[in-house]
Every structure is written in C-alpha cells, then in structure tokens.
Amino acid sequence: MGSVEECMDAAVRVARAAGQVVLEAVKQEKHVSTKSTPTDLVTEADRLVEELIISTLRESFPSHRFIGEESCAAGEPCVLTDSPTWIIDPIDGTCNFVHSFPMVAVSIGFAVKKELEFGVIYHCFEETLYTARKGHGAFCNGLRLQVSKEKDVSKALILTEIGAKRDPETLALFLGNMEKLLRAPAHGVRIIGSSTLALCQVAAGAADAYYQFGLHCWDMAAAAIIIREAGGVVMDTSGGPLDLMSRRIVAAASQEVAGFIVQQLKPIGYERDDCG
Ligand code: IPD
C-alpha cells in the first residue's frame, strides 16, 4: 500500500511534473468548454493533467481510490470512503488558466479513514510548493508556514471566491455576505480566482481568513490540512466541523475571526459533492 511518507513524496513529484505541463499548456491555444454552468470552465489541459496525475499515482498505489475533478465531472463517483483516497484538482483556477492570469495550482490531498493525512499544492506560475502532513507542520518551498493569528476582524484581510452559480438569488446572497464583512469593517475582501491558492495565503499569514460557498472537495482537501498545520482553523460555514463534501468552508487565522465570519454568513445552497 505504501507508507504515508511514500505517498506524500509521490504527490510532490507528480504535482511538480503536472505543474510544468500546466505552465506549457498556458502558452498553447486553449479548447474551453463548460460544465455545470456557463462560468464553470474546463479545458483539454484539465483532463490531460488529471489523467497524468491519476495514472502516475495508480501505478504505485493500485489499491487506492481517486476522486478527481474531471473524473467526477465525467460521471465517476465522488464518495469518500475509509480507503486511502487521493483528492485531486488538476488545474485549480481554470478560468485564470484560460486567461493566463497567474493564479493557477495543482492540488492533491490524501485521506485515510476519511481523515486528511497530507496536502500538496503547487502554484504553477510561481513554481512554489505548499505542503503539510498531519502532525508535521506546513511549509512553502521547505519554509515553515504560520497563520497570522489575527483575532480582530476589523484588522483582517479576507479572501473569498464567487463560485459557479450566477443566478440573481445566489449573487444577492454572495454580495450580501461580502457587504457584511466590508461593513465590519474588514481591511479588505479579495477574490483571486483560485480557492486553493487563496487558502494557502491564509496558511502563509498573507491573509487572515477565507470563506466560500460552492467550492468542491478537491478545492478543500489539500488546503484544509495546510491551514490546520499552519496553526489555523477550518470549519463549516455553520460553525460545525468541516465536511469535505458540503461545498462550503470558513478558514481563518483564529477561532475569533472564523466565529465572526460564521455569524455573518447567510448560506448559499449548493448540491453536495457526494449527492450522486
Ligand atoms: C474553482 C476555482 C474558483 C472557485 C470555484 C472552484 P476550478 O476551481 O477555485 O475560484 O470559485 O469554486 O471550483 O474549477 O478552477 O478547478
């Protein structure tokens, strides 16, 4: 089966290799299509990179399970079991990738018995590698990461993402949630177009919190353990424990900031990842 350490080494190698493929693909013509909504984009590169990652890992770990963004979009089951499971986003920030906006990542999380064991996120443009293993800390290119520990939301820089739904009701809720945080007043609210890289900024202490409705398990898996290991908190938008399949998250540098955000948010309904 391979030790967790062997799995993590393999994840680092394949994330770097995949990142180089993404970087080359940015320069080529992109064939873009849509998935759940007109703003939920996918390219040929997303599928090729996911195939590369899964086939490489499957060769070394044939008994493991794989949850990948594009495999799930193609109808593969998206269910987290007790088996060792790799949770993969081949290109996080596909819209950024399409526009060559330099915030694009490869994200690989690994869970055993539904517990996250490690996460690896590779920032393709900056060629930086974020890693964390349970109980061993979080790192960026080998340097230890530490959240800011900010407790006061009026001194906080908060990140979020819009998600794929753009119907008037969803947009009103999204803007209402953001308005409440701007009125707090948080120092600022930012949208960078990649959930995983936004969450890495919280782990790195460059932002103090992140929240979103509408992201997926492959956006959360690797990043959640990176934030925890950097000393931050991750939770459900209701304030309960994080549920990887729930499509919602609050992550923060302190319980205080996370708790404040939880109190402000009105939920936006998205179908669970494991609903069928
Ligand atoms: C998406 C991006 C986006 C966020 C979505 C994610 P993808 O991932 O992170 O910023 O708003 O919720 O699903 O589709 O680019 O891999």
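1. **The second largest pocket.** This pocket is lined by 20 residues, and Glu-50, Ile-54, Glu-70, Ser-71 and Glu-76 lie nearest its centre. A pocket, on a 1 Å grid over the protein atoms alone, is an open set of points with protein on both sides within 12 Å along at least five of seven lines; lining residues have an atom within 4 Å of a point. The volume of the second largest pocket is about 360 Å³. Volume here is the space filled by probe spheres set on the grid points, which are joined across faces, edges and corners.

2. **Ground rules.** The model is predicted: local features need pLDDT of at least 70, side-chain atom pairs count only at pLDDT 80 or more, and totals for chains, interfaces and linings use all residues. Residues are numbered from 1 along each chain as its sequence is written, and side-chain values use heavy atoms, with hydrogens and water left out.

3. **What builds that pocket.** α2 (44-60), β3 (65-68) and α3 each supply at least two residues of the lining of the second largest pocket. α2 gives the most, with six residues. Helices (H or I, at least four residues) and strands (E, at least two) are DSSP runs, numbered from the N terminus. By type, the lining of the second largest pocket divides into eight nonpolar, four polar and eight charged residues. Nonpolar covers Ala, Val, Leu, Ile, Met, Phe, Trp, Tyr, Cys and Pro; charged covers Asp, Glu, Lys and Arg; the others, Gly among them, count as polar.

4. **The largest pocket.** How much space lies in the largest pocket? About 990 Å³. Of the 43 residues that line the largest pocket, Asp-40, Glu-69, Ala-164, His-216 and Arg-247 are the closest to its centre. α3 (69-73), β4 (85-92), α4 (94-99) and α7 (217-229) each supply at least two lining residues. The lining of the largest pocket holds 14 nonpolar, 15 polar and 14 charged residues. Domain 1 (4-144) and domain 2 (153-264) each give at least three residues to this lining. The domain bounds come from an automatic or database domain assignment.

5. **The cavity.** A cavity is a set of grid points where a 1.4 Å probe fits but cannot get out. The count comes to one cavity of 30 Å³ or more. The largest cavity has a volume of about 40 Å³. Its lining is Thr-160, Glu-161, Ile-162, Phe-174, Asn-177, Tyr-211, Gln-212, Phe-213 and Ile-268. α5 (168-183) and β12 (209-213) are the elements that give two or more residues to this lining. β12 gives the most, with three. The lining of the largest cavity divides into five nonpolar, three polar and one charged.

6. **Aromatic pairs.** Rings of Phe, Tyr and Trp (its six-membered ring) pair if their centres lie within 6.5 Å; planes under 30 degrees apart count as stacked, over 60 as edge-to-face and the rest as tilted. The count comes to five aromatic pairs. Why is the pair of Trp-86 and Phe-118 edge-to-face? Because their planes stand at 75°, with the ring centres 5.8 Å apart. This pair links distant parts of the chain: Trp-86 is in strand β4 and Phe-118 in strand β6 (residues 115-123), 32 residues apart. Phe-110 and Phe-118 form a stacked pair, 5.1 Å centre to centre and with 20° between the planes.

7. **The aromatic cluster.** Phe-61, Phe-66, Trp-86, Phe-110 and Phe-118 form one aromatic cluster. Trp-86 and Phe-118 are both buried. Buried means under 20% relative accessible area, exposed over 50%, and partly exposed in between (1.4 Å probe, protein chains only). Phe-110 has 0% relative accessibility, so Phe-110 counts as buried.

8. **Charges over rings.** A charge sits over a ring if NZ of Lys or CZ of Arg is within 6 Å of the ring centre and within 35 degrees of the ring normal. The charged end of Lys-30 sits over the ring of Phe-97, 5.4 Å from its centre. Lys-165 lies over the face of Tyr-270, at 4.6 Å from the ring centre.

9. **Backbone points to check.** The peptide bond from Ala-184 to Pro-185 is cis, with omega near -5°. Pro-185 lies in the loop between α5 and β11 (188-190). Lys-114 is not a glycine, yet has a positive phi of about 65°. Lys-114 is found in the loop between β5 (105-112) and β6. At 47% relative accessibility, Lys-114 counts as partly exposed.
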